[in-house]
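Hi,

Here is the model I said I'd pass along. Have a look at it first, and then read on for my notes.

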Amino acid sequence: MIIIRYCIFFASLFTSIFGYSQNKIRIACVGNSITYGAKIENRETNSYPAQLGAMLGDSYEVGNFGVGGTTLLRKGNSPYRKTSAYQKALNFLPDWVFIKLGTNDTKPVNRVFLNEYVQDYKDLIASFRQLPNHPRVVLLLPLPVFLTDTMAITASVVRERLLPMVRQVAYETGCEVINLYNLLIESPELLPDKIHPSAEGATSIAKRIYEYVGMKSVSTSNLSKSLPTDARAFSFYGFQGYEFTFKNHNAKIVTPRREAPGHPWVWRARFWGHEPQTDIALLERGFHVVYCDVAELFGNDQAVKIWDDFYSFLHKKGLSKKAVLEGMSRGAVYALNWAAENPGKVNAIYIDNPVLDMKSWPCGLGKGQVSLVEFEAFKRDYHLKTADDVQQFKGSPMDKVDKIVKGDYPILILCADADEAALPDENTLPFEQKVKALNGNITVIHKPGFGHHPHSLQNPQPIIDFIMNAQFVN
């Protein structure tokens with residue numbers, strides 16, 4: 001009874017001194033003017049910490065510890081760690097800490113010290129982690145900047161120097177990370193002065209953090225502990241990756257900080273690391289990202305067999321029964337040819353400016369040009385000797401639509417309407433028609449005026465929405 005009275009007394013004392021409730025989950029938003037809510041009308045209710053608090057409800061207490069103009073750098077012109085807000089954030093004893101610092105560090109006066117940014121960031125993280133309740137620390141990637149003036153905060157320094165350093169810190173400290181950069185990169189209208197978000201921009205940030213806080217997770221599959229002895233660790237944009245040899249083929253696995261229920265995974269078919277924003281977003285949402293290099297086998301029987309074995313390896317190690325397949329360009333052939341033979345192992349397919357008829361590319365039998373090196377490899381892979389063999393070839397996804405639709409999984413195609421390589425008229429459009437004729441589930445997002453490159457979307461949210469919806473449905 002005495003112990004209980006002392007606990008109540010100290011809880012009451014803490015609340016009376018600091019004004020914080022012991023019964024709520026406390027979230028500290030640490031940052032600069034973007035966190036503070038500068039240039040937002042009624043920032044007390046419209047800054048992203050305030051909006052986050054409203055979204056989370058009465059079970060949470062969100063503290064806004066943003067200070068305009070501050071730097072993460074100790075040698076910066078206005079170091080955050082010298083502010084009273086920093087001490088208040090520590091005294092808040094948060095359960096979560098979301099840090100968004102670095103934009104002001106790109107100013108010329110501070111840029112000269114950027115080689116100290118990584119260590120200064122690690123020290124700031126450690127100061128929160130050493131608190132008695134050991135809060136979870138989440139790093140927020142900086143917002144995009146739409147200024148090109150090199151004598152001020154500038155887009156190129158944020159993109160080319162700041163982003164890689166924050167990801168390096170995340171990797172080396174094991175911190176969770178949220179990509180706000182790509183979230184707003186296609187929405188300059190939400191940053192009216194090209195640096196600070198509007199109230200609507202703050203809403204986008206708050207919603208993403210809200211989703212992250214509410215994301216369910218499960219105990220880790222410990223897949224990394226079951227990898228071959230030659231596995232080598234590497235950083236994949238701040239996430240833990242492992243590279244190893246699987247049946248004489250290069251393989252990669254990247255693990256999320258928190259695993260989503262069911263241990264979902266996305267299987268990159270080809271061109272590892274190219275336009276990775278979808279993979280990064282799925283890692284944030286608890287997916288593994290995997291790769292097994294079967295280039296350049298063009299989805300033939302040998303490629304399918306290797307992937308069969310890789311799938312068995314991953315599923316036995318704890319990943320879900322059904323994978324999300326992701327194929328860019330000729331990667332669509334690999335993904336769909338495997339899916340045609342394994343319909344019960346596919347949760348969804350996302351393909352991007354896809355090759356769907358290899359007689360169109362690399363053979364060049366339609367309106368497109370032949371790709372000589374790949375054409376010769378294609379003939380070897382499928383044991384085609386004559387021009388008539390090529391003309392009669394029936395091993396493309398276009399020829400397997402009946403098998404593909406039997407899987408009853410949704411397919412998303414991102415199609416550049418001016419694609420000069422995987423011509424839409426010979427690939428996406430007739431494939432879409434065939435799938436729909438058989439009542440298959442297919443969605444095509446068109447990119448008017450775009451060529452074969454770039455793939456994906458800078459903000460991959462439509463792709464993520466498609467995959468997450470398929471995940472919940474299946």
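Below is what turned up, starting with a word on conventions.

This is a predicted model, so local features need pLDDT of at least 70 and side-chain atom pairs count only at pLDDT 80 or more, while totals for chains, interfaces and linings use all residues. Residues are numbered from 1 along each chain as its sequence is written, and side-chain values use heavy atoms, with hydrogens and water left out.

**The sheet**

There is an open sheet of 5 strands in the order β2-β1-β3-β4-β5, with parallel pairing. Helices (H or I, at least four residues) and strands (E, at least two) are DSSP runs numbered from the N terminus, and two strands pair if DSSP finds at least two bridges between them.

Which strands stand at the edges? They are β2 (60–66) and β5 (176–178); each has a single partner strand, so one side of each is left without a neighbour in the sheet. From one strand to the next, the twist averages 20 degrees. Axes here are lines fitted to C-alpha atoms, for helices over the stretch in contact, and angles run from 0 to 180 degrees between N-to-C directions.

Helix α4 (residues 48–56) packs on this sheet and touches β1 (25–31), β2, β3 (96–100) and β4. Contact means heavy atoms within 4.5 Å. The direction of α4 makes about 175 degrees with that of β2. As for β4 (residues 136–140), 3 bridges join it to β5, and the two run parallel. L139 has V177 in β5 as its bridge partner.

S329 sits in the loop between β11 (323–328) and α13 (331–341). Is S329 buried or exposed? With a relative accessible area of 10%, S329 is buried; the classes are buried under 20%, exposed over 50% and partly exposed in between, using a 1.4 Å probe and protein chains only. The S329 side chain makes a polar contact with the side chain of H452, at 2.9 Å. By polar contact I mean a pair of N or O atoms within 3.5 Å; within protein, one must be able to donate a hydrogen and the other to accept it, and residues adjacent in sequence count only if both atoms are side-chain atoms.

Leaving aside neighbours within four places in sequence, the contacts of S329 include F271, D352 and H455. F271 itself is in the loop between β9 (265–268) and α11 (277–284). Its phi is near 60 degrees, a positive value in a residue other than glycine, and F271 counts as partly exposed at 24% relative accessibility.

**Other backbone points to check**

Y237, also not a glycine, has a positive phi of about 55 degrees. Y237 is in the loop between β6 (232–236) and β7 (239–246). A cis peptide bond joins A295 and E296, with omega about 0 degrees; E296 lies in the loop between β10 (288–292) and α12 (301–316). Another cis peptide bond joins W361 and P362, with omega about 10 degrees, and P362 is in the loop between β12 (346–352) and α14 (372–381).

**Cysteines**

How many disulfides does the whole structure have? The search finds 0, where a disulfide is a pair of cysteine sulfur atoms within 2.5 Å. For C29, the closest cysteine sulfur is in C175, 15 Å away and too far for a bond. C29 is buried, at 0% relative accessible area.

Cheers
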